[in-house]
Amino acid sequence: MIFLEALIVIGCIMLGARYSGIALGFAGILGELILVFGFGLKPAGAPINVILIIMAITCLAATLQSAGGLDFMVHTAEKILRKRPQQITFVAPIVCFLSVMFTGTSYVAIAVYPVICEVALDAKIRVERPLSISVIAAQHAISASPVSAATASLIGILAVKGIALAQIMAVLVPAIFIAVLIGAISVCKRGKELENDPEFQRRVKNGELAENNKAISTYKPSKEAKISIAIFAIAIAAIILFGSCTSLLPHWQVGEKVIRLSMPQVIQMIGFGAAMLILLIPK
């Protein structure tokens, strides 16, 4: 019976992954429905704190995007990449890592992947070198971000064990960043140089590779985009500050015990509060 139940769980995961997005949540609840009513399994209590943290961070990122903040970040990342084309294999993953760590979403990195390809080709560097490690850096940066859903889930689970955000970040940020640099070193000489690659030369000769558009971007960040980024940055700084210095958290005397505001609640309040400020100030 346990194998059948495991197949149902795996099937729901695959179904949710196929449709992605909120369908992941739908598929999870569908699997729970089948296991409870079909197999009589007792469901565990819903992780309300984790759900609320994810909602707060998602809403904050959504308002940032609506205000144009993510577009501003993509534009900034593009400018940095084009300044150092010869070091693209190292610059690209670092830019992707920092961008995703700041925003908590890989949307920024996805938007700069085409730029990485253009800059690499212009510099006569194999595209798979910077692109492969940049994808990996962006995905792992989600775990190093203080405002990602992944970290929110981890905080919700570990907070009851007395493990604070600062401790989690002290381990994940340096470990992942160093691993990204090692990964960049491992691919910096991968494959033949383009001038020595017969397949690449054949495609160039046959006109199969389109010429890159080197036109300067006409994008100009709006005032609202800059304000939204500032609010977002202050919110992140506040979360990191309270996560690092728990003595700053509000506390109350309950009987003989001193009860401090929990970190999951802090993230929820700051996330929803900052989202509301982005709605009010940049409108």
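Which residues have the most contacts inside the largest nonpolar core?

1. **Ground rules.** This is a predicted model, in which local features need pLDDT of at least 70 and side-chain atom pairs count only at pLDDT 80 or more, while totals for chains, interfaces and linings use all residues. Residues are numbered from 1 along each chain as its sequence is written, and side-chain values use heavy atoms, with hydrogens and water left out.

2. **The core.** The residues with the most contacts inside the largest nonpolar core are Leu81, Ile88, Phe97 and Ile116, and that core has 59 residues. A nonpolar core here is a set of buried Ala, Val, Leu, Ile, Met, Phe, Trp, Tyr and Cys residues joined through side-chain atoms within 4.5 Å. Buried stands for under 20% relative accessible area, exposed for over 50%, and partly exposed for what lies in between (1.4 Å probe, protein chains only).

3. **Helix H9.** Helices (H or I, at least four residues) and strands (E, at least two) are DSSP runs, numbered from the N terminus. Helix H9 covers residues 165–187, and at 1.5 Å a residue its 23 residues should span 33 Å; the end C-alpha atoms are 32 Å apart, which agrees. The expected span is 1.5 Å times one less than the number of residues. Buried positions in H9 are Leu165, Ile168, Met169, Ile176, Val180, Gly183, Ala184 and Val187.

4. **Ala184 up close.** Ala184, in helix H9, is buried at a relative accessible area of 1%. Not counting residues up to four places away in sequence, Ala184 touches Thr89, Phe90, Pro93 and Ile133.

5. **A buried serine.** Ser228 sits in helix H11 (residues 223–244). Is Ser228 buried or exposed? Ser228 is buried, with a relative accessible area of 0%. Beyond neighbours within four places in sequence, its contacts are Leu64, Ala67, Gly69, Ile278 and Pro282.

6. **Salt bridges.** A salt bridge is a side-chain nitrogen of Lys or Arg within 4 Å of a carboxyl oxygen of Asp or Glu, and the count by this rule comes to 5. Glu78, Arg82 and Glu118 are linked in a network of them. Arg82 pairs with Glu78, with the closest N and O atoms 3.2 Å apart; both lie in helix H4 (residues 69–83), 4 residues apart, about one turn of the helix. Arg82 also meets Glu118 in a salt bridge of 2.9 Å, N to O. Because Glu118 lies in helix H6 and Arg82 in helix H4, this pair ties together parts that are 36 residues apart in sequence. On accessibility, Glu78 counts as buried at 19%, whereas Arg82 is partly exposed at 34% and Glu118 is partly exposed at 23%.

7. **A pair within H10.** Arg202 forms a salt bridge with Glu199, the closest N and O atoms being 2.8 Å apart. The two are 3 residues apart in helix H10 (residues 198–205), so about one helical turn separates them. Both partners are partly exposed: Arg202 at 35% and Glu199 at 36%.

8. His251 has Arg260 in E2 as its bridge partner. There are 2 residues between the strands, and Gly255 in this hairpin takes a positive phi near 70 degrees.

9. Lys124 has a phi near 60 degrees and lies in the loop between helix H6 (107–122) and helix H7 (128–144). Lys283, also not a glycine, has a positive phi of about 55 degrees. Lys283 lies in the segment after helix H12 (263–280) and is exposed, with a relative accessible area of 81%.

10. **Cysteines.** How many disulfides does a search of the whole structure find? The search finds 0 disulfides, a disulfide being a pair of cysteine sulfur atoms within 2.5 Å. For Cys117, the nearest cysteine sulfur is that of Cys96, 11 Å away. Cys117 is partly exposed at 23% relative accessible area, and Cys245 counts as partly exposed at 33%.

Terms used. Two strands pair if DSSP finds at least two bridges between them. Contact means heavy atoms within 4.5 Å.
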